[in-house]
Amino acid sequence: MIIGCPKEIKNNENRVALTPGGAMALIKRGHTVYVQSSAGKGSGYSDEEYEAAGANILPTIEDVYAIAETIVKVKEPIEKEYSLVRDGQFLFTYFHFASSRPLTEAMLKSNSICLAYETVEDRNGKLPLLVPMSEVAGRMSIQNGAKFLEKPSGGLGILLGGVPGVKPAKVLILGGGVVGIQAAKMAAGLGANVILMDINLDRLRELENVLPANVTTVYSSEYNIRKELSTVDLIIGAVLIPGAKAPSLITRDMLSEMRDGAVIVDVAVDQGGCIETCKPTTHEDPTFVVDGIVHYCVANMPGAVPYTSTIALTNATLPYLMRIADHGWEKACADDPGLAKGLNVVKGEIVYGPVAEAFA
Ligand SMILES: NC(=O)c1ccc[n+]([C@@H]2O[C@H](COP(=O)([O-])OP(=O)(O)OC[C@H]3O[C@@H](n4cnc5c(N)ncnc54)[C@H](O)[C@@H]3O)[C@@H](O)[C@H]2O)c1
C-alpha cells in the first residue's frame with residue numbers, strides 16, 4: 001500500500017502521525033511511505049531520519065495527497081486540504097466530525113473513506129486512540145497547575161509539595177478516569193495532599209488500591225465538593241460522560257467559596273468543561289481570571305509536548321495502520337469490529353450514528 005504522511009498545518013500542531021520507526025516498520029512489510037518534507041520537525045524528526053528509515057520525502061502537501069492511497073494524519077483536514085482529498089482515498093486521523101459540518105460535508109463530497117481515531121474501540125468498548133492523549137493531558141494538568149499557582153503567574157504562591165515544616169498544597173481532582181489517575185499520580189508524587197472524586201464506586205475502589213496514601217478518594221457530589229472549596233489550592237476538571245457535555249460540577253457561585261489565586265485546570269474543556277466559568281483557551285494565552293480564580297482551559301494540551309505526544313499517539317495508532325496497510329481497510333475492519341467503529345464517512349455516506357444524528 002502507498003501511505004502518505006502530510007505535515008500538519010493546523011495552528012500550533014507540531015505532532016506528526018508517523019515516526020521514522022513507524023515508517024520503517026511499514027516499509028519492512030512491503031509498503032511504500034511518502035512523508036512531506038519537515039512533517040516531523042516539530043516532534044524532533046528530520047527528513048534525513050525518515051529517509052534513513054526508507055521513506056520518500058516529498059516537497060509539498062499536494063504531492064503527498066496526490067500519490068498516497070492512505071493518508072495518515074493527526075488532526076482533521078482543514079479547509080485548505082479539503083480539495084486535496086481524492087475519490088476513494090483512505091484517511092486515518094482524528095476527525096471529531098460532529099463538531100464541524102463543513103468538514104463533514106467536504107469529506108462526503110470527496111468520496112473518501114474516513115476512519116476516525118476517536119471512535120475506534122477496543123474489546124472492552126474503551127477508546128484506545130484517545131487514551132494516550134488523556135494520559136498526556138492528565139500529567140500536564142499538574143505541571144501547569146503548579147506553575148499557575150506561583151505568584152508571578154497570578155496564583156496563590158503555594159509550592160505543590162510544600163517543604164519540611166510547611167504543609168503541601170491541596171489538590172482536588174474531579175473524575176478518576178484516565179486523566180484523573182494520571183493527575184493524581186503526578187500531584188501525589190510531588191507531595192501534594194490529593195482528593196480524587198468520582199461517581200463510579202468500582203472505579204474509586206480500584207483507585208484506592210493503586211494510588212499512594214496521600215490520595216484520598218471521595219464520592220463526587222455537590223455537597224462533598226463544596227466542603228473542600230475553602231481550603232483547596234488547585235482543582236483539576238477531568239470528568240467525562242461519553243457523548244454528552246460535561247456536567248458543571250463547579251458553578252460560578254461556588255468560586256466565591258475559594259481563595260483568590262487558587263487555580264482551576266479544566267481538562268474537560270473539549271467537552272464543554274466541568275466548571276461553569278470555563279471557556280477554551282490556547283497555549284499562547286492559556287489562562288483567564290474569574291472572581292479571583294485562575295482558569296487554565298487549553299483544549300489541546302498535548303500539542304504543547306509534541307515530542308512525547310507524537311510517540312504516545314503513534315504507539316497506539318501504528319498497530320492499526322499496519323493491519324490496514326497489510327489487508328486493506330475493508331478486511332481490517334471486517335476482522336475487527338472495534339476498528340470498524342472508527343469508520344465515520346465512507347464514500348459519500350455517514351456511517352457513524354452519532355455523527356449522522358449531530359446533523360439530523
Ligand atoms: N484538554 C485537553 O487537551 C484534553 C486532552 C485529553 C482529554 N481531554 C478530556 O478530558 C476529559 C476526561 O477524559 P478521560 O479520558 O479521563 O475520560 P474517562 O472516561 O477515562 O474518565 C472520566 C471519569 O469521569 C467520571 N465522572 C462522570 N461523572 C462524574 C461526576 N459527576 N463527578 C466525578 N466524576 C465523574 C467517570 O466515572 C469517569 O471515571 C474528557 O473530556 C476528554 O475529552 C482533554
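Domain bounds here come from an automatic or database domain assignment. On that basis, the chain splits into domain 1 (2-120 + 308-358) and domain 2 (131-304). Their centres, taken over C-alpha atoms, are 33 Å apart. The model is a predicted one.

**Where the domains touch**

Domain 1 puts 11 residues into the contact, and domain 2 puts in eight residues. On the domain 1 side, helix α11 (residues 306-327) gives the most, with six residues. That side of domain 1 holds four nonpolar, five polar and two charged residues.

Ile3 stands opposite Val33 in β2.

Another open sheet has seven strands, again with mixed pairing. The order is β9-β8-β7-β10-β11-β13-β12. β9 (215-219) and β12 each have a single partner strand, so one side of each is left without a neighbour in the sheet. From one strand to the next, the twist averages 20°.

| Strand pair | Sense | Bridges | Facing residues |
|---|---|---|---|
| β7 (residues 170-174) and β8 | parallel | five | Ile173 and Leu196 |
| β12 (residues 287-290) and β13 (residues 293-296) | antiparallel | four | Phe288 and His295 |

β12 and β13 form a hairpin with two residues between the strands. Asp291 takes a positive phi near 50° in this hairpin.

Helix α7 lies across β7, β8, β9 and β10 (234-237). The helix runs at about 170° to β8. Helix α9 (residues 222-229) lies across β7, β8 and β9. Its angle to β8 is about 160°.

**Around the ligand**

Which residues are closest to the ligand? They are Ser134, Ala137, Gly175, Gly177 and Ser220, out of 32 residues that surround the ligand. The elements that give two or more residues to this shell are α6 (131-148), α7 (178-189) and β8 (193-198). By class, the shell has 20 nonpolar, nine polar and three charged residues.

How values were computed. Residues are numbered from 1 along each chain as its sequence is written. This is a predicted model: local features need pLDDT of at least 70, side-chain atom pairs count only at pLDDT 80 or more; totals for chains, interfaces and linings use all residues. A residue is near a molecule or strand if its C-beta atom, placed from the backbone, lies within 6 Å of it. Ala, Val, Leu, Ile, Met, Phe, Trp, Tyr, Cys and Pro count as nonpolar, Asp, Glu, Lys and Arg as charged, and the others, Gly among them, as polar. Two residues are in contact if their C-beta atoms, placed from the backbone, lie within 7 Å. Two strands pair if DSSP finds at least two bridges between them. Axes are lines fitted to C-alpha atoms, for helices over the stretch in contact, and angles run from 0 to 180 degrees between N-to-C directions.
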